[in-house]
Structure formats: C-alpha cells, structure tokens
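Here is a short briefing on how two chains meet. Look at the structure first, then read the points below.

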Amino acid sequence: MTKQILIAGAALLVALSAAPAQAADEAGYTASCAAAEEARKMAAELHYEWNTVAPLIGKAGAAAKAGDFAKAVKLCDEARLQSEASVAQAKKQADAWRAAVVK
Amino acid sequence: MMKKTRLVALMTTVLCAFGAMLLPAAGTMAEEAASAIEQGKAIAFDRKKGNCLACHMIATGDLPGNIGPPLVAMSMRYPDKAKLRAQIWDSTAANPMSTMPPFGTHRILSEDEIDLVTEFIYVQ
Amino acid sequence: MKMLITILLGAALVAGLAWASPEDDRKAFIEHYQKRFPKVALDDYVNGVYAIDEAAYEQWLEIEEFAPYELAMAEGKELFETPFANGKTYADCFPNGGIGIRQDYPYFDTESGQVKTLELEINECREKNGEKPYGYKKGPIAAISAYMAFTSRGNKLNIVIPDDPRALAAYESGKEFYYSKRGQLNFSCADCHVYNPGMMVRADKLSPALGHPTHFPVYRSKWDDMGTLHRRFDGCNKQVRAKPLPAQGEDYRNLEYFVTYMSNGMEVNGPGARK
C-alpha cells in the first residue's frame, strides 16, 4: 500500500514537473518561430528573402510536431538570424549598388 | 661506480616517465591539428558548405573555378591567421565590391566551421 | 512619384554626382566588354558564352544545326494561328499581326505606367479573349514566344525609354536590381555577367550580359526543355540562394527592360540553344 502511494506520488511529481516543462518548451518554440516568421516577412517585403529561410521554418514545424521543441527553437532562431542578415543586406545594397555600375 | 649506474638508471626512468607523459600529449595535439585540417578540407570542398572550389583553385581539388585567385602560399600571404579568418568571415568588410560570399555575416558556415576552414586554407 | 524623381535627379545634379542617362549607361556597358574582349566583334555577343569560348563554339554550332527548339517553334506556330473560342487570334492583339515584332519588347506602356513584355501581352491577349492565362516560365508560352521571336530574326532590338519619368524610374529600378548583391551568397547579376564573364564557376564559363536577351526563349540542354527569360532570372536568383521573385512581376519586368536596353541595336536571334 505505502509502496503504491509512493509510486503514484512519484508519478504525479514527474507529471507535474514535466507538464510545465513541456508547456515552457512549446511556448519557447511558438515565440521563436513567430519572431522568425516576422523577420522573414520583413525580408520578403523588401524582395530580399533568401531561399534558405522557408526550409528552416518548415523543418522547425516538423520537429515541433515530433515533440522536439529544442530543435525547433534552434531552427527558428537560425531562420530569424538569416532573415535579419538579408534585411541588413537589402539596406546596405540600397546604396552600395551605385558603386558597382559600369561607368 | 655503482652509484653512477644507479643514477643513470634513475634518470632514464624519470626521463622515460616524463617522455611517456609528454609524448601522448604531443601526439594528440598533432593529431588534433591534422584532424582540424582534414575537417576543414571536407567543409571547404563540400558544395553545400564552403564550396571554395566553385571560385578558387586549391591543390587536390577537382574542377576548380577561377573567379577568385588560386589559394596557394596562404601562410605567406596571410602571416596573421586572424586576418585570413576575417577574410573568410566577411570579405566585403575590407572591400564592399568583393564577390566572395560573407560566410560569417550571412551564416553560410558556423563559427566552428569557419575555424576549421581557416586551418585548412592556412596550410595551402 | 514624378515630383520625387525630379527632386532626386535635381539632388543628384546638385551633389555633383554624375547622372548617367540610359544611353550613357549603354555606351559604357559596350566599352566595358570591348576592353575586356578586344578580339570579339560586337555582333558576336548575340551568341552568348560561345562568343568568348572558342572550344565550345564548334559544339554549339552542331547543337544549333540540330535546332532543338524546332518542335516548340512548330507547336508555337500552331497555337499562334489557332483561333480562340471566340474566333479571334493572337494576331488581333499585336501590331503587324504579331509577326516580326520581338525587337520592340519590352516597352514602356504610358497608359498603364508599366513595362510590358511579350509574354505578358500574350497572356493579356488570352484573358481579353476569355482564355485562361499560361504559366510564365515554360510550356505553351515559351512555344508561342519562340515562334514570334523566329519571325523577328535579324531585326534589331529597339527598346525605347519614352520621355516619361515613370519609364526612367522603371529602367533605374531594373538597373538597381542588376547591380545589387542578393541571396545568402551575396552576388549581383553584374558580379557574374559584367565583372567575371569568361571566368569559370566550377565547369561553367560565365557569359557576358551584352547580348543576353537576343535569343530568348531558349532551349537549354540542362533543362531538356524551353524556358523564357524570366525562367532564367529565376534560376540565376536561386543559385545565389535568393528566393526568386514572381515571373512577370514588376521586378523581373523592370530587370528585363534594363537588360534588353543594354543590348539595344543587336539582332534578334531567338529562339536559341544553350548548354
């Protein structure tokens, strides 16, 4: 009897500690991928999106579906950083292209 | 006489012990360097990674392009390895017109990968 | 917009920046290539990379002999001549019945304020006559365009930039696209086709941009298929890891306007064949 209570208690503890952890992971994934999507859109609006970004976001979605939120966050962070780099590229090129024109 | 032999024996033992401690250490360091160069080479030649051969001739690489200069005598051209790494990381920092992809700024390679490629290119 | 451009042009002049007219640009463009390839005759640039690659030139002549675009051309002729459901034909949509007009495209349409390309107008013609538009990169549109190019062979590209600030803005936007680095790999069109023609990217020799648009649509061995100029833009954007922009969208039409203007006066020799 005591043994059963102990096991049930332990299981409850595990469940209690795992559930918030899982929820936290999922929230982290949602935030990271929302930021990535926002950055991607910014690059797209400038017509400067890289074709490496959508596949990263796609892979993140698949990882999240499989429950691997840590991997999904990593992929979405990468997608965001690449999108930010392409936005920076667009801003730089807005002036820099003139120096390249054949004169 | 006896003492001298003993001393020699002792010294030999100590030296051997020392050597035994040193040798494997020296061995791993050399191995690590060689392995970094090998790994760097794999990344440099991989079409999905560095793909350096698309534009540069590199010894032992097949089908090189020639948009960029041949990568030879690198340690002479870049005595400072950090400068070589900076060139790989973002060559447009020094020359905005450069056609070389900014491997670091544009996240084409990771920091670790750039370290490895630098090791490989440096010994060309 | 008009005012903005006037202000910008004025500012550029005041700042003492050399303002280059499209004609200045074109002359500088030609000079650039003639300096780089002093032995290549201007007329030969319509042959693309084969103008600067003697080894591949002979092989290419053999491919051209076999005319791999012939099938598409025949299909295009048939499509061109077959009336729509309402009895009208493509000939009703184009000047001179659509024959021998390739050299005038793209042009700036002052009515819509847009650059009009041949492929765009082929689809506009279809829609006006109650037909569904075609996809812009390959298939029937490439076939019809191939036939129309064929009827124009030997005519000289005659791209006009009318005295309309919107036309100049379209040209400038194409020029900006051409010289801007794009994609994760950070290449501009000019990085490859202006500053490195004749150089090798792995096993591919880069062609000069001068003469680029004269032979489109093209039969490309690598595609084993015909493709329009915008299909090629799409491919050249992808290889630098940029997400391609829509075929016949404003960016690519303006790009075509600039690129074709640079080849003004060169002979139409489409459809062509390329490796």
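A polar contact is a pair of N or O atoms within 3.5 Å; within protein, one must be able to donate a hydrogen and the other to accept it, and residues adjacent in sequence count only if both atoms are side-chain atoms. One such contact, of 3.4 Å, joins the side chains of B:T92 and A:K92. This is a predicted model, in which local features need pLDDT of at least 70, side-chain atom pairs count only at pLDDT 80 or more, and totals for chains, interfaces and linings use all residues. Residues are numbered from 1 along each chain as its sequence is written, and side-chain values use heavy atoms, without hydrogens and water.

**The interface of chains A and B**
- Five residues of chain B are in contact (heavy atoms within 4.5 Å) with nine residues of chain A.
- About 570 Å² is buried between the two chains (accessible area lost on being put together, 1.4 Å probe, summed over both).
- Carbon and sulfur atoms give 55% of that area.
- B:M97, B:H106 and B:R107 supply 83% of the area that chain B buries against chain A, more than any other three residues.

**Polar and charged links**
- The rule finds one salt bridge across this interface (a side-chain nitrogen of Lys or Arg within 4 Å of a carboxyl oxygen of Asp or Glu).
- The side chains of A:E78 and B:R107 form a salt bridge at 2.7 Å, N to O.
- Two residue pairs are in polar contact between chain B and chain A, both at pLDDT 80 or more.

**B:T92**
- Beyond neighbours within four places in sequence, B:T92 is in contact with A:K92, B:S98, B:M100 and C:N186.

Note on methods
Chains lettered and ligands numbered in written order.
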